[in-house]
Structures are given as structure tokens and as C-alpha cells.
Amino acid sequence: MEAATRIYERSSPATVDAVREKNGVVYTKTWVVDLILELVGYTADKPLASSVLVEPSAGDGSFLLRAVKRLVTSCEQHKIPLIEARKAIIAFELDDISSAR
């Protein structure tokens with residue numbers, strides 16, 4: 001996954017724009033994902049298992065992977081069994097190509 005992200009992030013702007021225009025899909029860079037999660041307060045120092053994060057367009061999983069890492073870390077820090085966090089993240093994806101990745 002991270003290798004694919006690095007390849008995508010190094011792609012030429014023309015290639016990236018062509019893919020976006022054709023499929024209407026935008027892939028979010030990891031640093032942007034981390035910034036957004038920080039800005040909305042989705043941080044491991046909070047008991048994230050008791051909240052719900054909704055990802056309405058999961059795509060290649062950029063947000064999901066980063067959110068799951070934070071959720072697992074939060075559960076470990078707060079001594080919450082991971083099974084109790086099973087409903088803490090809900091994700092949807094309508095694009096067949098993105099969901100197959």
C-alpha cells in the first residue's frame with residue numbers, strides 16, 4: 001500500500017490529472033490525511049473506540065489505514081480491548097475500481 005502511495009505521489013501532474021479526470025477519483029496524500037485527522041481531533045490520546053469515524057469514500061484506503069492505526073494505538077494506550085472498537089469506523093465506497101484495490 002505505501003509503495004503504491006509513493007508511486008502515485010511521484011507521478012507526473014499530467015498523469016495524475018488524467019486519471020482524476022477520467023475516473024473522477026482523487027487520492028489523498030498521506031501528509032494531508034494526517035493533517036485532516038489531527039484537525040478534526042482524531043488522535044490516539046483520546047479514547048477513539050467510543051466514537052465513530054465515517055469514511056464516505058474509502059477509495060484506496062488512505063484515510064482508513066491511518067485512522068485504523070490511530071484507533072489501535074488509542075485502544076492500546078487506554079487499555080481498551082480492540083474488539084470493543086469494532087464499530088468505531090464505518091466506510092463506504094461506490095467506485096468499483098477503487099474498492100477493488
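Where in the protein chain is confidence lowest, and where is it highest? Colour the model by pLDDT (the predictor's confidence in each residue, from 0 to 100). Confidence is lowest in helix 1 (residues 2-10), at a mean of 53, and highest in helix 4, at 94. The chain as a whole has a mean pLDDT of 80, and 67% of its residues reach 70 or more.

This is a predicted model, in which local features need pLDDT of at least 70 and side-chain atom pairs count only at pLDDT 80 or more, while totals for chains, interfaces and linings use all residues. Residues are numbered from 1 along each chain as its sequence is written, and side-chain values use heavy atoms, with hydrogens and water left out.

**Whole chain**

Switch to a cartoon view. Five helices and two strands make up the secondary structure. Both are DSSP runs, numbered from the N terminus: helices are H or I with at least four residues, strands are E with at least two. Starting at the N terminus, the order is α-α-α-β-α-β-α. Of the 101 residues, 28% count as buried. Buried means under 20% relative accessible area, exposed over 50%, and partly exposed in between (1.4 Å probe, protein chains only). Now consider contacts (heavy atoms within 4.5 Å). Among those with a separation of 6 or more, 73% join residues 24 or more positions apart.

**Helix 4**

Select residues 62-77. This is helix 4, with 16 residues. From first C-alpha to last it reaches 23 Å, close to the 22 Å expected at 1.5 Å a residue. The expected span is 1.5 Å times one less than the number of residues. Show side chains next. S62, A67, R70, L71, S74 and C75 are buried. An α-helix has 3.6 residues a turn, so residues three or four places apart point the same way. The buried residues of helix 4 pack against helix 3 (30-39), strand 1 (53-55) and strand 2 (89-91).

**The core**

Select V33, L37, Y42, L48, A49, L53, A67, L71, C75, A85, A88 and I89. These 12 residues form the largest nonpolar core. Such a core is a set of buried Ala, Val, Leu, Ile, Met, Phe, Trp, Tyr and Cys residues joined through side-chain atoms within 4.5 Å. Helix 3 and helix 4 each supply at least two of its residues. Helix 4 gives the largest share, three residues. Stop at A49. Beyond its neighbours within four places in sequence, A49 contacts L71, C75, I80, E84, A85 and A88.

Go to D34, in helix 3. D34 counts as buried because its relative accessible area is 19%. Not counting residues up to four places away in sequence, D34 touches R66 and R70.

Then pick E55, in strand 1. Leaving aside neighbours within four places in sequence, E55 contacts F63, L64, I90, A91 and F92.

Finish in the loop between helix 4 and strand 2, at K79. Its phi is positive, near 55 degrees, in a residue other than glycine. Most residues other than glycine have a negative phi. K79 is exposed, at 73% relative accessibility.

L82 lies in that loop too. At 48% relative accessibility, L82 is partly exposed. L82 contacts V72 and C75, leaving aside neighbours within four places in sequence. L82 and V72 are 10 residues apart in sequence and 6.9 Å apart in space, C-alpha to C-alpha.
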